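Please look over the sequence and the model below before reading on. The paragraphs that follow start at the ligand and then turn to other parts of the chain.

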Amino acid sequence: MPLSIGIESLSLYTPRFSLPLHSLAEARGIDPNKYIIGLGQEEMSVMPPDEDIVSMAANAASKIITPEVKDSIKLIMFATESGVDQSKAAGLWVHHLLDLPKKCRIIELKQACYSATCALTLARSYLSLHPDERVLVIASDNARYGLNTPGEPTQGCAAAAFLVSHTPRLLEIEPEQGYHSEHIMDFWRPNYLSEAIVDGKYSTRAYLSTLASSWDDYAMKSKRGFHDHSRFCYHVPFSKMAEKAHERLVKINSEQNPSDTLDISKSPSHSLTYSKKIGNGYTASLYISLASLLENDPHDLSLQRLGLFSYGSGCVGEFFSGIVPKEYTLLKDKNRLAHEDLISSRKALSCSEYEQLFSHSTPTNGSEYMTPVLTEQGFRFKGVKNHERLYEHV
Ligand code: CAA
């Protein structure tokens with residue numbers, strides 16, 4: 001019998017500032033319904049100057065690193081497309097801030113929004129050889145497109161940290177994965193830019209065709225169909241994109257099985273509760289969606305199969321599945337309350353306050369610089385001295 005491996009615990013973090021999208025729409029002279037109905041987004045988290053992918057990652061991971069699990073973490077994989085150094089893995093700062101054991105390996109992975117899913121797949125293989133260990137996967141990103149661009153309402157920032165182990169209490173990962181890679185230029189960020197370059201409409205078409213191709217590969221390998229899955233979670237650049245992804249899967253299924261009736265309980269609505277308020281978390285986004293589904297779906301999902309789709313522009317897509325263990329019910333309410341509190345306690349900014357934070361930049365010449373203190377608790381990015389990034393816990 002194959003060993004069961006999967007996600008044992010999962011914690012989200014997002015900074016303490018948000019921008020209601022109706023305020024952005026008003027400032028840009030756009031009908032708010034374009035953002036709220038057309039894109040399906042209500043708010044987006046805004047990164048203050050004293051946070052970055054490292055502080056967000058440490059804040060997310062600190063909630064799941066208990067004394068019982070700490071010594072068994074032998075591998076940390078940090079997934080991001082907002083890297084802060086060309087050489088050093090961001091996970092080393094997190095490892096230091098959380099005082100994790102020195103007998104540990106740490107790497108950073110990059111492929112747009114996909115790399116945390118690759119980390120999960122690699123962790124699964126690794127743990128099949130090291131059954132007593134745990135792998136910490138962290139996905140942390142700041143999604144930036146630029147003021148007054150079509151991508152502006154689809155920004156956001158967040159981290160998701162999860163432990164992968166032989167005691168999956170949230171999702172047991174199944175072995176079959178369907179994938180698709182292709183060199184396309186739908187979205188990328190050259191080293192000299194702090195905002196992404198994106199061909200927005202093309203990226204949405206690329207997302208959907210990569211979903212179809214990944215699904216076909218998965219369906220062929222697993223011999224499963226649409227109805228073998230109780231719920232679906234998608235990468236969420238904005239909520240409407242996940243809804244369109246689901247419509248595409250429904251369409252593929254109805255073309256293959258014309259007599260099938262649509263089961264609306266499978267729609268991704270509960271997986272979007274958090275993303276509608278956080279915005280795009282790039283690598284973290286699929287795992288924000290998973291947490292949202294497990295914590296907000298009113299039905300008992302015990303022993304149900306979830307289908308998950310990860311998309312990273314450029315592009316790589318992967319469709320995989322997992323079974324929700326019964327133990328998930330023990331964590332459901334506690335995790336939901338923590339994440340609801342994180343999201344609802346953010347301070348709503350005016351559009352001009354958001355623009356000020358957006359335009360604040362860290363000097364790139366390594367000169368000494370201390371960030372303004374805006375983050376009142378947890379880990380924060382303190383500044384730069386002698387080209388070295390400094391962090392502190394407040
Ligand atoms: N009321 C209701 N709906 C309205 C409306 C109104 N007043 N005005 C417009 N809409 C609807 C439109 O009909 C449209 O809906 P459909 O797509 O269903 O037709 C929707 O609102 C958006 O309108 P537009 O297409 O005109 O919007 P846009 O061209 O200004 O920008 C976007 C949309 C291209 C997605 C842009 O926000 C963007 O470039 N975002 C960044 C790229 C992105 O997120 N791509 C997703 C795939 S890539 C990926 O997933 C990786 C990643 O994380 C980046």
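A polar contact is here a pair of N or O atoms within 3.5 Å; within protein, one atom must be able to donate a hydrogen and the other to accept it, and residues adjacent in sequence count only if both atoms are side-chain atoms. This is a predicted model, in which local features need pLDDT of at least 70 and side-chain atom pairs count only at pLDDT 80 or more, while totals for chains, interfaces and linings use all residues. Residues are numbered from 1 along each chain as its sequence is written, and side-chain values use heavy atoms, with hydrogens and water left out.

An oxygen atom of the ligand lies 2.8 Å from a polar backbone atom of P150, and a polar side-chain atom of N280 is 2.9 Å from an oxygen atom of the ligand. A nitrogen atom of the ligand is found 3.3 Å from an N or O atom in the side chain of T154. Taken alone, the ligand exposes 1100 Å², of which the protein buries 73% (accessible areas come from the Shrake-Rupley method with a 1.4 Å probe; for residues, only the protein chains shown count as cover). The elements that give two or more residues to the shell around the ligand are α2 (32-38), α7 (200-222) and α8 (239-256), and α7 gives the most, with 5 residues. Helices (H or I, at least four residues) and strands (E, at least two) are DSSP runs, numbered from the N terminus.

In total, 26 residues surround the ligand, and the closest are K34, K201, S203, H235 and K244; a residue is counted if one of its heavy atoms lies within 4 Å of the ligand. The shell divides into 11 nonpolar, 10 polar and 5 charged residues, where Ala, Val, Leu, Ile, Met, Phe, Trp, Tyr, Cys and Pro count as nonpolar, Asp, Glu, Lys and Arg as charged, and the others, Gly among them, as polar.

Next come the strands. Of the 10 residues of strand β6 (residues 134-143), 9 are buried, that is, under 20% relative accessible area, with exposed meaning over 50% and partly exposed in between (1.4 Å probe, protein chains only). Strand β4 (residues 73-79) runs parallel to β6 and is joined to β6 by 6 bridges, with A79 having A139 in β6 as its bridge partner. Strand β7 (residues 156-165) pairs with β6 in the antiparallel sense over 9 bridges, and here N142 stands opposite C157 in β7; two strands pair if DSSP finds at least two bridges between them.

Finally, H96 lies in helix α5 (residues 90-97) and counts as exposed because its relative accessibility is 61%.
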